[in-house]
Amino acid sequence: ISQTSSASSSSSNLSTSHFIGKKEDIVKAGRVTKLVNGCRDVLVVHHQGQLYAMDVRCYHSGGALQYGDIEEFNGRLCIVCPWHKYKITLAEGESLYQAVDDPTAKPLRTYWRSKGVKQRVHKVTEVNGDVYVMLNDSGEAIESDVYQTEKYRRASLKA
Ligand code: FES
């Protein structure tokens with residue numbers, strides 16, 4: 001079961017939620033990054049009235065997703081990694097790509113396909129103007145986990 005990230009006012013258990021900031025500040029900034037629970041670098045995005053949260057470093061090679069453009073592909077909102085332009089859905093962390101069924105066909109017909117969930121997304125809640133993230137700690141490995149180490153944290157601080 002994939003965990004989705006969505007904006008909602010909720011009275012869910014906040015003991016596992018981590019304060020990110022005031023919603024008005026996040027709306028103004030559009031996106032913020034934060035080290036959550038001392039162990040996970042998370043990007044929180046506000047886009048078209050919705051909040052989303054995901055691991056900040058791209059699953060492909062550790063690119064800084066906080067600098068990515070947000071665009072819609074095949075009706076799905078994605079953040080486009082600034083490094084190699086991978087497209088990652090904001091809500092699910094799925095990686096989308098364009099496939100070609102028949103490379104000899106003219107004109108070439110392309111289709112959007114999913115590589116599956118590659119970027120770990122987290123749950124965002126808003127309570128009385130405060131925004132919290134609940135880390136998605138599902139045991140299943142997700143590719144972006146690889147970049148959540150001190151080594152990459154230090155590297156991105158230098159960047
Ligand atoms: Fe993100 Fe390569 S690091 S697309």
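**Exercise 1. Strand pairing in the sheet**

How many bridges join S2 to strand S3, and in which sense do the two strands run? Then place both strands in the sheet of this predicted model.

Solution. 
- Step 1. Strand S3 covers residues 40–47, and six bridges join S2 to S3 in an antiparallel run.

**Exercise 2. The surroundings of S10**

Determine which strands pair with S10 (residues 121–127), and decide whether S10 is enclosed or open to the outside.

Solution. 
- Step 1. Strand S4 (residues 50–55) pairs with S10 in the antiparallel sense over two bridges. Methionine 54 has valine 121 in S10 as its bridge partner.
- Step 2. Strand S11 (residues 130–134) also pairs with S10 in the antiparallel sense, over five bridges. Here valine 124 stands opposite valine 133 in S11.
- Step 3. S10 and S11 form a hairpin with two residues between the strands, where asparagine 128 takes a positive phi near 50°.
- Step 4. Of the seven residues of S10, five are buried, so the strand is largely enclosed by the rest of the structure.

**Exercise 3. Leucine 51**

Is leucine 51 buried or exposed? Locate the residue and relate it to lysine 123.

Solution. 
- Step 1. Leucine 51 belongs to strand S4.
- Step 2. The relative accessibility of leucine 51 is 1%; buried means under 20%, so leucine 51 counts as buried.
- Step 3. Leucine 51 and lysine 123 are 72 residues apart along the chain, and their C-alpha atoms are separated by 9.2 Å.

**Exercise 4. Aromatic pairs**

How many aromatic pairs are there? Classify the pair of phenylalanine 73 and tryptophan 112 and the pair of tyrosine 147 and tyrosine 152.

Solution. 
- Step 1. The count comes to four aromatic pairs.
- Step 2. In one of them, phenylalanine 73 and tryptophan 112 are 5.2 Å apart centre to centre, with 50° between the planes, and the pair is tilted.
- Step 3. Phenylalanine 73 lies in strand S5 (residues 69–73) and tryptophan 112 in strand S9 (residues 110–117), so this pair ties together parts that are 39 residues apart in sequence.
- Step 4. Phenylalanine 73 counts as buried at 12% relative accessibility, whereas tryptophan 112 is partly exposed at 23%.
- Step 5. For tyrosine 147 and tyrosine 152 the values are 4.7 Å centre to centre and 70° between the planes. Planes over 60 degrees apart count as edge-to-face, so this pair is edge-to-face.
- Step 6. Tyrosine 147 counts as buried at 10% relative accessibility, and tyrosine 152 as partly exposed at 26%.

**Exercise 5. Charges over rings**

Which rings have the charged end of lysine 87 or lysine 115 over them?

Solution. 
- Step 1. Lysine 87 places its charged end over the ring of phenylalanine 73, 5.3 Å from the ring centre.
- Step 2. Lysine 115 lies over the face of tyrosine 86, at 4.1 Å from the ring centre.

**Exercise 6. Confidence**

State the confidence of the model and where the pLDDT is below 50.

Solution. 
- Step 1. The pLDDT averages 90 over the protein, and 89% of the residues score at least 70.
- Step 2. The pLDDT is below 50 over residues 1–14; this stretch has 33 contacts in the model beyond near neighbours in sequence.

Note on methods. Residues numbered from 1 in each chain as written. Predicted model: local features only at pLDDT ≥ 70, side-chain atom pairs only at ≥ 80, totals over all residues. Heavy atoms only, no water. Pairing = 2+ DSSP bridges. Helix = DSSP H or I, 4+ residues; strand = E, 2+ residues; numbered from the N terminus. Buried < 20%, exposed > 50% of the residue type's maximum accessible area, 1.4 Å probe, protein only. Phe/Tyr/Trp six-rings, centres within 6.5 Å; stacked < 30°, edge-to-face > 60°. Lys NZ or Arg CZ within 6 Å of the ring centre and 35° of its normal. pLDDT = per-residue confidence, 0-100. Contact = heavy atoms within 4.5 Å.
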